[in-house]
Amino acid sequence: MQLIQLSDWLLDIAFLLYVISSVVFVVAMTGKNWAGRDPKQHEERYGRIAYWLAVIGFLAQTGYVIARWIGGGHSPTSNMFEFMAFLDYCIILAYLIIYRIYKLTVIGAFVLPLGVIMLAYSYVFPKEVTPLIPSLQSYWLHIHVTTAALGEGILAVGFAAGLMYLIRTVPQQISTRSTKWLELVLAVVLMLVGFILMDSTFARMEQKTVFEMNMEQMNAAGQMEKVQVEYTMPAIVAPADSQVVQAGPMNPWFEAPSWMEGKDAARKLNTMLWSIITGTVLYGGLRLIFRKRLGAVIQPSLEGIEPDLLDEISYRAISIGYPVFTLGALIFAMIWAQEAWGRFWGWDPKEVWAFVVWLFYSAYLHLRLSRGWIGAKSAWMSVIGFVIILITLVVVNLVIAGLHSYAGV
């Protein structure tokens with residue numbers, strides 16, 4: 001248990017350093033417009049500080065991975081907390097490699113905050129080390145999940161570079177279809193941030209709402225009892241055919257539809273609704289503060305960056321991440337599925353969405369190499385591809401039940 005506690009401390013240190021690094025990266029990019037010294041010198045100085053903060057944070061997180069692996073007896077990828085923390089680890093690793101190649105400060109200003117969001121998302125889930133369920137007791141846990149996370153981490157860098165390309169090149173003087181879609185992407189990111197803020201806040205307040213459903217399950221003593229569902233966040237939607245046994249800060253507005261089976265389905269829907277509401281409020285608040293589109297707020301910090309360089313970084317990251325993701329999320333996954341469940345493919349929701357991600361990035365590479373889709377078209381596809389990954393990580397895990405539900409909250 002001492003190793004597990006040490007791993008928790010190391011991860012907290014890494015998270016703090018990533019947050020500080022993100023702030024310094026933002027200062028490096030935005031401060032050059034008002035700094036008294038030479039803007040280039042300002043960017044390089046603060047960018048170097050931010051980079052080394054990220055390196056130290058990465059070393060601390062490496063210590064977390066090693067300590068939790070030894071302390072838990074298996075690779076730290078067996079539940080949503082461990083997987084999201086490891087995905088963040090892969091994102092930072094991919095960023096550090098890309099930075100050493102291109103020495104472009106602005107990449108860190110986009111990738112490090114993305115890493116902070118992913119690591120903050122992991123803190124939403126239970127952190128306890130639990131014994132592996134039978135289907136996870138296999139060496140394929142190390143191979144399949146770690147490789148899939150590494151592929152998604154590299155693809156995240158492609159997303160960041162593609163998003164930067166769009167912010168850099170989409171004209172913000174007038175409202176167009178491109179500006180609206182770009183704002184929607186930024187709003188989706190803020191919804192994930194909103195979910196993290198809401199869940200963390202109410203978890204500390206301990207004002208749970210508890211429902212009792214009209215269904216029974218067997219308890220540890222072998223007796224049948226009513227199923228209870230706990231909500232950390234205030235209840236917008238109640239489970240179908242249920243009663244409140246412990247009131248929370250607000251009464252539910254409506255019941256979940258009867259087709260949403262399972263004791264956790266309504267709770268997960270409730271989480272999604274709060275994410276959308278909070279993200280919308282965050283986006284609206286930022287629009288009121290700056291009184292212009294968020295893309296227009298960020299765009300000045302990217303002046304002087306060659307769009308072609310951003311396009312190249314995005315393409316290279318995806319061309320590397322794609323085969324790694326293919327191995328981890330599809331090939332290794334199917335081999336493990338055959339060993340664990342006796343079939344290579346079963347149309348489980350997580351399997352389907354992993355296949356959708358693979359098809360999308362296959363189309364990206366085909367259109368870029370065969371049809372000459374470079375620049376804006378390529379950037380949009382890199383952004384949409386990672387949004388699909390986010391849907392797989394958040395929506396599928398939180399709302400849709402399946403054989404991979406052991407990874408949920």
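Modeller: The part to begin with is Trp9, and its place is in helix α1. The model is a predicted one, and every value given here is computed from it. Trp9 belongs to a nonpolar patch on the surface, which it forms together with Leu3, Leu6, Ile66, Trp69 and Ile70. Taken together, these residues have about 590 Å² of accessible area. Two elements, α1 (2-30) and α2 (39-72), each give two or more residues to this nonpolar patch.

From α2 the account can be carried on to a charged pair. Side chains of opposite charge can pair when their charged atoms come close. The side chains of Arg68 and Glu82 meet in a salt bridge, at 2.7 Å from N to O. Because Arg68 lies in helix α2 and Glu82 in helix α3 (residues 80-102), the pair ties together parts that are 14 residues apart in sequence. The count of salt bridges comes to 6.

Helix α4 (residues 105-123) and helix α5 (residues 140-169) have axes that come within 10 Å and cross at roughly 125 degrees. The two helices are therefore oblique to each other, and the crossing of α4 and α5 is right-handed. On the α4 side the contact is made by Val106, Ile107, Phe110, Val111 and Leu114, and on the α5 side by Ala156, Phe159, Ala160, Leu163, Met164 and Ile167.

Helix α5 also meets α6. Their axes come within 11 Å and cross at roughly 140 degrees, so that α5 is oblique to α6. Here α5 passes α6 in a left-handed crossing. Phe159, Leu163, Leu166 and Ile167 in α5 meet Leu182, Val185 and Leu186 in α6.

Helix α6 (residues 177-205) in turn meets helix α7 (residues 265-290), with axes that come within 7 Å and cross at roughly 120 degrees. These helices are therefore oblique to each other, and α6 passes α7 in a right-handed crossing. The residues of α6 that make this contact include Glu183, Ala187, Leu190, Met191, Gly194 and Met198. Among those of α7 are Thr271, Trp274, Ser275, Gly279, Tyr283 and Arg287.

Notes:
Residues are numbered from 1 along each chain as its sequence is written. This is a predicted model: local features need pLDDT of at least 70, side-chain atom pairs count only at pLDDT 80 or more; totals for chains, interfaces and linings use all residues. Side-chain values use heavy atoms; hydrogens and water are left out. Patches are made of residues with over 30% relative accessible area and no salt bridge: like charges are joined within 9 Å, nonpolar side chains (Val, Leu, Ile, Met, Phe, Trp, Tyr) within 5 Å. Accessible areas come from the Shrake-Rupley method with a 1.4 Å probe; for residues, only the protein chains shown count as cover. A salt bridge is a side-chain nitrogen of Lys or Arg within 4 Å of a carboxyl oxygen of Asp or Glu. Helices (H or I, at least four residues) and strands (E, at least two) are DSSP runs, numbered from the N terminus. Axes are lines fitted to C-alpha atoms, for helices over the stretch in contact, and angles run from 0 to 180 degrees between N-to-C directions. Angles under 35 degrees count as roughly parallel, over 145 as roughly antiparallel, 65 to 115 as roughly perpendicular and the rest as oblique. A crossing is left-handed if the near helix is turned anticlockwise from the far one by less than a right angle, and right-handed if clockwise. Contact means heavy atoms within 4.5 Å.
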